[in-house]
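Subject: The structure I promised you

Hello,

Have a look at it first, and then see whether you read it as I do.

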Amino acid sequence: LLLDADGQVTVEVQDLGEIVELSFTTCPAPFAPDNAFAYHKTTNRKAYDQARENAPSDEVVFINAHGEVTEGSYTNVVGMPIEHIIWDMIEKGWIAL
């Protein structure tokens, strides 16, 4: 979903392709907390692309000044409450109570 400066909306759809595992490293967030680009998805990707080009991994996950994960250079980070993770691990036999 793209919104241009004139308010026109464009929707783009892409096949996600095969799901693969990615290696990742962490990096300080590329923008200062008061920068508008830190809070909005944008096509201004230069800082994200540069971080990934310089990384020894497939993806870079950014960490803000509070030590919190914010986003990936081209992926979204999704979290799940720990009790769901533990329950899933129990159901799959990875851990036992």
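Let me start with Asp49, which is partly exposed at 28% relative accessibility. Please keep in mind that this is a predicted model. The partner of Asp49 is Arg52: their side chains meet in a salt bridge, with 3.5 Å from N to O. Arg52 is partly exposed as well, with a relative accessible area of 25%. Both residues belong to helix H1, which covers residues 46-53, and because they are three residues apart there, about one helical turn separates them. In general, side chains of opposite charge can pair when their charged atoms come close. The structure holds one salt bridge, so this is the one to look at.

Now for the overall layout. The protein chain has two helices and five strands, and from the N terminus on they follow the order β-β-β-α-β-β-α. There are 97 residues in the chain, and buried ones make up 12% of them. The exposed surface comes to about 8,200 Å², with carbon and sulfur atoms supplying 56% of it. As for contacts between residues at least 6 apart in sequence, 41% of them join residues at least 24 apart.

Back to helix H1, this time for its aromatic residue. The structure holds one aromatic pair. It is formed by Tyr48 and Phe62, whose ring centres are 5.2 Å apart and whose planes stand at 75°, so the pair is edge-to-face. Tyr48 lies in helix H1 and Phe62 in strand S4 (residues 59-63), so the pair links distant parts of the chain, 14 residues apart.

Which residues make up the largest nonpolar core? There are six: Phe31, Tyr48, Ala51, Ala55, Val60 and Phe62. Helix H1 and strand S4 each supply at least two residues of this core. This brings to mind the general rule that in soluble globular proteins, nonpolar side chains tend to be buried together.

Phe31, in turn, is placed in the loop between strand S3 (24-28) and H1. With a relative accessible area of 17%, Phe31 counts as buried, because the cut-off is under 20%. Phe31 and Ala47 are 16 residues apart in sequence, and their C-alpha atoms are 8.2 Å apart in space.

If you open the model, I would go to the ring pair of Tyr48 and Phe62 and then to the salt bridge of Arg52 and Asp49.

Best wishes

Notes:
Residues numbered from 1 in each chain as written. Predicted model: local features only at pLDDT ≥ 70, side-chain atom pairs only at ≥ 80, totals over all residues. Heavy atoms only, no water. Salt bridge = Lys/Arg side-chain N within 4 Å of Asp/Glu carboxyl O. Helix = DSSP H or I, 4+ residues; strand = E, 2+ residues; numbered from the N terminus. Buried < 20%, exposed > 50% of the residue type's maximum accessible area, 1.4 Å probe, protein only. Contact = heavy atoms within 4.5 Å. Areas by Shrake-Rupley, 256 points an atom, 1.4 Å probe, with all protein chains shown as cover. Phe/Tyr/Trp six-rings, centres within 6.5 Å; stacked < 30°, edge-to-face > 60°. Core = buried A, V, L, I, M, F, W, Y, C linked by side-chain atoms within 4.5 Å.
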